[in-house]
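Please read the following account with the sequence and the coordinates open beside it. The text starts where the chains meet and then takes each chain in turn.

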Amino acid sequence: MAIKVLKPGLATTVQDLGRPGYYHIGIPLSGGMDRHALVAANLLVGNEEGAAVLEAVFMGPELEFTEDATVAITGAQLPPKLDGEPRETWTSFKVKRGQVLSFDFLKQGARGYIAIAGGIDVPVVLGSRSTYALGALGGFKGRKLEAGDELPVGKAAASVKDGRVVANDLRGLPTAMPTELRVMPGLYWHRITEAAGNDFFADTWKVAPEADRIGYRFKGGKALQFVPREPPFGAGSDPSNITDACYPYGSIQVPGGTEPIVLHRDAVSGGGYFMVGTVISADMDLIGQLQPNTPVRFVKVGMDQALAARKSRAELLGKLRNALT
Amino acid sequence: MTTQQIFSPLPGIFYRRPAPDKPAYKNDGDVVADSDTIGLIEVMKSFNEVKAGTTGKILRFLAENEEAVMAGQPIAEIDV
């Protein structure tokens with residue numbers, strides 16, 4: 001069975017849980033930016049948790065089904081329509097052969113996950129079906145979808161039910177306003193003054209329109225002031241530059257000291273910008289659901305809080321599994 | 001004559017001009033055709049054209065140049 005792409009949306013890509021293990025040689029993790037929502041979509045349609053789905057950002061695609069199927073859309077409030085009739089998000093529903101799945105305007109969040117029973121069956125590249133568009137690797141021909149593409153779909157599990165729903169408290173979406181992203185200061189934190197460090201956590205930032213799968217850029221906070229230094233070999237004279245180093249997933253670089261960028265699933269793995277710290281793993285999914293101009297605060301945490309948050313996120317996933325399997 | 005609204009398909013920054021030194025695509029009172037571009041939405045380092053999607057006369061723009069807009073936000077009113 002196949003799905004015909006009538007309209008691709010803005011940047012719809014095939015994603016699974018990603019491609020860990022190659023970041024040290026420059027190939028990023030890739031995979032869904034909101035992994036919790038991706039897993040939920042798969043479980044709703046009876047797939048393995050890490051089956052390949054479509055990640056649609058800000059705008060849904062228009063898809064024609066060539067066979068009967070069961071689908072579920074999770075993540076952002078990107079209201080699905082089947083032959084123009086509204087359907088619910090976070091709920092599995094049947095699609096008949098020849099029907100067209102389209103979407104209304106985005107209401108909330110940023111990325112919708114479209115799971116189809118059987119999963120999107122593109123070739124596995126380095127252990128994953130995820131698209132890394134910048135490297136033309138994986139996914140559907142290494143790129144975002146285009147009109148006219150035909151997506152292969154795998155065989156659905158025998159017992160796929162429609163009308164299954166993920167309860168509100170298991171969706172793991174951001175609730176606080178402004179959204180709070182917990183950060184462990186570190187890496188090159190010593191490069192900025194104490195006052196600048198306090199401002200970084202006190203200011204309210206806004207998601208910049210440039211934010212994408214590579215990195216989420218924020219603006220609107222005060223520029224960081226640097227501690228004077230003698231530039232080390234290879235760092236150059238800009239105080240925000242360092243001798244080239246590895247960039248962790250979730251690390252926050254601040255080129256020129258002005259606009260922090262949180263590196264996400266398709267990030268480059270190294271370079272010469274200093275980093276003030278790292279967004280904790282438990283909050284990385286939330287970033288994937290931030291629209292441009294959303295107000296955000298960075299909240300300082302230590303290792304104990306980061307580990308507790310990771311445990312609580314894992315427990316949420318456990319409850320989701322229990323509810324759906 | 002009925003009034004219709006043109007909605008932003010995306011969240012981002014709305015521009016009424018193709019480039020800072022160019023005139024606006026359309027102005028209040030202009031007649032537009034279905035496939036005419038009335039503005040751009042900047043998001044994820046790309047500029048996406050907003051089409052009129054209908055034929056008629058623009059009554060007025062509801063969003064300012066360089067305004068941050070949400071998906072589904074009305075950006076112009078059009079008499080069809």
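**The interface and the two chains**

In this predicted model, 14 residues of chain B are in contact with 12 residues of chain A; two residues are in contact if their C-beta atoms, placed from the backbone, lie within 7 Å. On the side of chain B that touches chain A, the elements giving two or more residues are β2 (12–15) and β4 (37–43) of chain B. Helices (H or I, at least four residues) and strands (E, at least two) are DSSP runs, numbered from the N terminus. By class, that side of chain B has 9 nonpolar, 3 polar and 2 charged residues. Ala, Val, Leu, Ile, Met, Phe, Trp, Tyr, Cys and Pro count as nonpolar, Asp, Glu, Lys and Arg as charged, and the others, Gly among them, as polar.

Residues are numbered from 1 along each chain as its sequence is written, and chains are lettered from A and ligands numbered from 1 in the order in which they are written. Because the model is predicted, local features need pLDDT of at least 70 and side-chain atom pairs count only at pLDDT 80 or more, while totals for chains, interfaces and linings use all residues.

As for confidence, the model scores ipTM 0.89 and pTM 0.95. Chain B averages a pLDDT (the predictor's confidence in each residue, from 0 to 100) of 94, and 100% of its residues score at least 70. Within chain B, confidence is highest in β2(B), with a mean of 96, and lowest in strand β6 (residues 56–61), with a mean of 93.

Chain A comes next. Chain A has 4 helices and 20 strands. Its C-alpha atoms fill a box of roughly 65 × 35 × 30 Å along the principal axes. The radius of gyration of chain A is 20 Å, which agrees with the value near 20 Å for a compact globule of 325 residues; the radius is taken over C-alpha atoms, and the globule rule is 2.2 Å times the number of residues to the power 0.38. Of the 325 residues, 45% count as buried. A residue is buried if 20 or more other C-beta atoms lie within 10 Å of its own, exposed if 12 or fewer, and partly exposed in between, with C-beta atoms placed from the backbone. Among contacts in chain A with a separation of 6 or more, 76% are between residues 24 or more positions apart.

One helix of chain A can be followed in detail. In helix α1 (residues 35–44) of chain A, 10 of the 10 residues are buried, so the helix is largely enclosed by the rest of the structure. Its buried residues include R35(A), H36(A) and N42(A). The axes of α1(A) and helix α4 (residues 303–324) of chain A come within 10 Å and cross at roughly 10°; axes are lines fitted to C-alpha atoms, for helices over the stretch in contact, and angles run from 0 to 180 degrees between N-to-C directions. The two helices are therefore roughly parallel to each other, a label given to angles under 35 degrees, with over 145 counted as roughly antiparallel, 65 to 115 as roughly perpendicular and the rest as oblique. From α1(A), H36(A), V39(A), A40(A), L43(A) and L44(A) meet L317(A), L320(A), R321(A) and L324(A) of α4(A). This contact has 7 nonpolar, 1 polar and 1 charged residues. After α1(A) comes G46(A), with a positive phi near 75°.

Chain B has 0 helices and 8 strands. With a radius of gyration of 12 Å, close to the 12 Å from the globule rule for 80 residues, chain B is as compact as a globular protein of that length. Its C-alpha trace spans about 40 × 25 × 20 Å along the principal axes, and 31% of the 80 residues are buried.

V32(B), in strand β3 (residues 31–32) of chain B, counts as buried because it has 22 C-beta neighbours inside 10 Å. Beyond its neighbours within four places in sequence, V32(B) is in contact with residues including K26(B), I38(B), A52(B) and I78(B).

Two backbone angles remain. Most residues other than glycine have a negative phi. F58(A) has a positive phi, near 65°; F58(A) lies in the loop between β3 (53–57) and β4 (62–65) of chain A and is buried, with 26 C-beta neighbours inside 10 Å. M44(B) also has a positive phi, near 50°. M44(B) lies in the loop between β4 and β5 (46–51) of chain B and is partly exposed, with 18 other C-beta atoms within 10 Å.
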